[in-house]
Amino acid sequence: MGPFDRLKESLGQYSRAPIGIVPTPLQAMRRLSRHFGRPVYFKRDDLAGLALGGSKIRILRFTAGDAVARGADTFVAGGYAQSNHPAQVAAAGAALGIPTHVVLDVTKGYEPQGNVLLLDLAGARVRFTSAGSYEGVLAACRRLADHLARAGRRPQIMTQTHESRVLSAVAYAEAFVELAGQCEAVGVCEADVVVGSGGPTCAGLLLGAVAAGRRCRVFGVPPRGRGEGAREQVKGFAAAAAAALGVDAVPQESDIALLADGSGVYGEVDRETIAALRFVAAQEGVYLDPVYTGHAMAALLRRGGPSSNGRPLVFVQTGGAPTVFAYERELASRRILHHAFVAPRIDRAARPSPRARGTEFKTTRRSRRRRIRREVYR
Ligand SMILES: Cc1ncc(COP(=O)(O)O)c(C=O)c1O
C-alpha cells in the first residue's frame, strides 16, 4: 500500500465530533484567475458550517472528538481577544452541548466585536487576562482547568497544547485528501497550494502532498510575528502527524516553502494586507482576514503567485473574517471613516439637531455620540 492510501486508511481511526460541514467547496475564482493569468481556486474552509466557518472547525472535529472520547464535559480555550480559536471552540461547545470557558488576553486591545461578540453569543463564560503571551494565556487556562476540576468538572484545554497541534496537522492532512479528490474532479492534477500558516495547518497539507507523490507543492505564509521557527514547526508537526498516522512520507527540508518571513508584530495589519483583503473582496466578494488569509494573499499578489508556469493555484481560505469588524479603522476607506468619526462632530456644531430635522437623517444624536465615545476610549 502506498503512503497516500495508508494516510487515507489511518485517518479512519480518529474519532470526530459531529460538527460543521465537510467537505468544504473548492470554488473556481474567475476574476482572480484572470488577474493571476492561471486558474485560481479557493478551498472554502471559511464555509465549514459553524461559527461563520474557518479552519478551526475542521480541526475541532478532531480535537473536540478526542476530548469527548476521553470523557471531557467542559472545554477551556484561550487566546488574544480577537483570536479565531476561542470563538470557534465556543460554537463547537454550543453545538455539542458542552459548556466552554474562555480566557481572553486583552493586551492587544479589546472590542466587544468580531470574535469576542461571537463567543459571547454562543454562551461562553469569559475571563480576562493581561498575560501578554501565549504561554501566559495557556498558564491561565491551566489554572482555570484546575479550578473547574476541583469543582467536579472534567475540563479539557483545547488551546495550543502539543497534542492538539499534532491533531490539527492530522486534520489538515485529511483536508489535503479531500482537496486532492476535488482537484481531480475538475481535471487538476498538479497545483500550487497556498495557505496562511507557518504551523500545523501548513504541516498537515504538506504531509498530504508528500504522501500523494509531491504533484502539488504547498506554500505556507506565516502571519506577522510568527516567522521565527516557522520552518522547524512545519517540519516538526508534519513529522509528528506522519508518525501518528503511521505514514512513511516525512517532508524533507526542500519540501518546505514559505512565501513570507513572518516578521513584524502579530495582530498588526500592514498596508499590503489591507490592499489584498480589499482587492479580493472587490474582485470576488470573498472576505479574507487581516492576520492570516489577507496576509497570505498579500504575499501572493506581491509575487504574482509562487511560480509563473501556469500551474493552477489553490488558495486555502482558512476563514477569520469575523475579525474584520474589529479592524474597521484600518480596513475601511477614508470616506466611510470620515463619515463615521469626523463628520458627525463637524455636523453637530453646524446643523440643527436630528430631532428638529425629523427623519431625514439616518443617524441619531445618540448613535453619533456613541461612535465618538468609542473613538475616544479605544
Ligand atoms: C484564519 C486562520 N487561518 C490560518 C491559521 C493558521 O494556523 P497555524 O499557523 O497554527 O497552522 C489560523 C490560526 O489561528 C487562523 O485563525
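A residue is buried if 20 or more other C-beta atoms, placed from the backbone, lie within 10 Å of its own C-beta atom. The model is predicted: local features need pLDDT of at least 70, side-chain atom pairs count only at pLDDT 80 or more, and totals for chains, interfaces and linings use all residues. Residues are numbered from 1 along each chain as its sequence is written.

**View 1. Helix H9 and its cover.** H9 spans residues 230-245; helices (H or I, at least four residues) and strands (E, at least two) are DSSP runs, numbered from the N terminus. Its buried residues include Phe237, Val234 and Leu245. Among the elements covering them are helix H1 (3-11), helix H7 (162-185) and strand E8 (216-220), with contact meaning C-beta atoms, placed from the backbone, within 7 Å. Gly246 follows H9 and has a positive phi, near 65°.

**View 2. Helices H10 and H11.** The axes of H10 (residues 271-284) and H11 (residues 293-303) come within 8 Å and cross at roughly 90°. Axes are lines fitted to C-alpha atoms over the stretch in contact, with angles from 0 to 180 degrees between N-to-C directions. H10 is therefore roughly perpendicular to H11 (65 to 115 degrees). H10 contributes residues including Leu277 and Val280, and H11 residues including Met297 and Leu301.

**View 3. The ligand shell.** Ser197, Gly199, Thr201, Thr318 and Gly320 come nearest of the 17 residues around the ligand; a residue counts if its C-beta atom, placed from the backbone, lies within 6 Å. H8 (200-211) and H4 (84-96) each supply at least two shell residues. The largest share, three residues, comes from H8.

Terms used:
Angles under 35 degrees count as roughly parallel, over 145 as roughly antiparallel, 65 to 115 as roughly perpendicular and the rest as oblique. Two residues are in contact if their C-beta atoms, placed from the backbone, lie within 7 Å. The expected span of a helix is 1.5 Å times one less than its number of residues. A residue is buried if 20 or more other C-beta atoms lie within 10 Å of its own, exposed if 12 or fewer, and partly exposed in between; C-beta atoms are placed from the backbone.
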